[in-house]
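Trainee: Hi, could we go through this model together? I'd like to start with the ligand and then move on to other spots.

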Amino acid sequence: MTGPTKEFWEQRFAEGNTPWDRGASSPQLAAWLRSGVLKPCRILVPGCGSGYEVIDLALAGFEVTGLDYADEAIGRAHRRLEKADVDATLVQADVLAWQPDRAFDAIYEQTCLCALYPDQWREYADRLHRWIAPGGKLFALFMQWLREGAAEGNIQGPPYHCDVNAMRALFPEPSWAWPKPPYPRTTHPAGIAELAVVLERRG
Ligand SMILES: C[S@@+](CC[C@H](N)C(=O)[O-])C[C@H]1O[C@@H](n2cnc3c(N)ncnc32)[C@H](O)[C@@H]1O
């Protein structure tokens, strides 16, 4: 298979080579919570990593499921949940193989899509569509990191750049309702940025 494997992510955690890890939740999560667009519900966090968002959502009264296939990600998230003394479900599984027993009201997608090789995006996007109940929302942070090699057609990552045109093709209307741009840009201490877009599942 082309692209990062489970072993790749395990190694990144084992080496402490986790530049995506803010050591805290994304400020965009707090912004969505403050604005009231994200209200307590049954929510999934795929590729949850160390679990900061899982914990903050649980503390805010959500019924949260965190999903990741890396041992250390799930281990870290478990330890944080215990320390915070808060309940959430953690599932260790591949996002391209797992199936929930029922749909979620919302999904918080932060740096899982951009961690997958683009050949896998269609499969993942179809799963996100199935995992959200009609009328439910996808809180997406689309990674913006267009690298130089793209000009020659090279696919570079992870993280893989999530161009907004590609995102429209993956999450097309009328299956999804898109808000009008411009979208908020969330910056990251590692120097990268994400576009924050809330999509509603329609079809
Ligand atoms: C770049 S990290 C982001 C972690 C977290 N969302 C954050 O922003 O801190 C990507 C995470 O996705 C997980 N991941 C990548 N591919 C996956 C897959 N196919 N199934 C489940 N988890 C996956 C990795 O183990 C890693 O924890």
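Mentor: Happy to; we'll take the ligand, then the pockets, then some backbone details.

Mentor: This is a predicted model, where local features need pLDDT of at least 70, side-chain atom pairs count only at pLDDT 80 or more, and totals for chains, interfaces and linings use all residues. Residues are numbered from 1 along each chain as its sequence is written, and side-chain values use heavy atoms, with hydrogens and water left out.

Trainee: Which residues come nearest to the ligand?

Mentor: G47, D68, V95, Q110 and T111 do, out of 16 residues around the ligand. A residue is near if one of its heavy atoms lies within 4 Å.

Trainee: And which polar side-chain atom lies 2.9 Å from a nitrogen atom of the ligand?

Mentor: One from D94. A nitrogen atom of the ligand is also 2.9 Å from a polar backbone atom of V95. On the oxygen side, a side-chain N or O atom of Q110 is 2.8 Å from a ligand oxygen. A polar contact is a pair of N or O atoms within 3.5 Å; within protein, one must be able to donate a hydrogen and the other to accept it, and residues adjacent in sequence count only if both atoms are side-chain atoms.

Trainee: Where does the ligand sit?

Mentor: In the largest pocket, meaning more than half of its atoms lie within 2 Å of the pocket's grid points. Pockets are found on a 1 Å grid over the protein atoms alone, as open sets where a 1.4 Å probe fits, with protein on both sides within 12 Å along at least five of seven lines; lining residues have an atom within 4 Å of a point.

Trainee: What is the volume of the largest pocket?

Mentor: About 690 Å³, taken as the space filled by probe spheres set on grid points joined across faces, edges and corners. The lining has 39 residues, and W9, W20, G47, T111 and A115 are the closest to the centre.

Trainee: Which element gives the most to that lining?

Mentor: α1, with three residues. Helices (H or I, at least four residues) and strands (E, at least two) are DSSP runs, numbered from the N terminus.

Trainee: Changing topic, which peptide bonds are cis?

Mentor: P158 to P159 is cis, with omega near 0°, and P159 is in the loop between β5 (132–144) and α6 (164–170). E173 to P174 is cis too, with omega near 10°; P174 lies in the loop between α6 and β6 (176–177).
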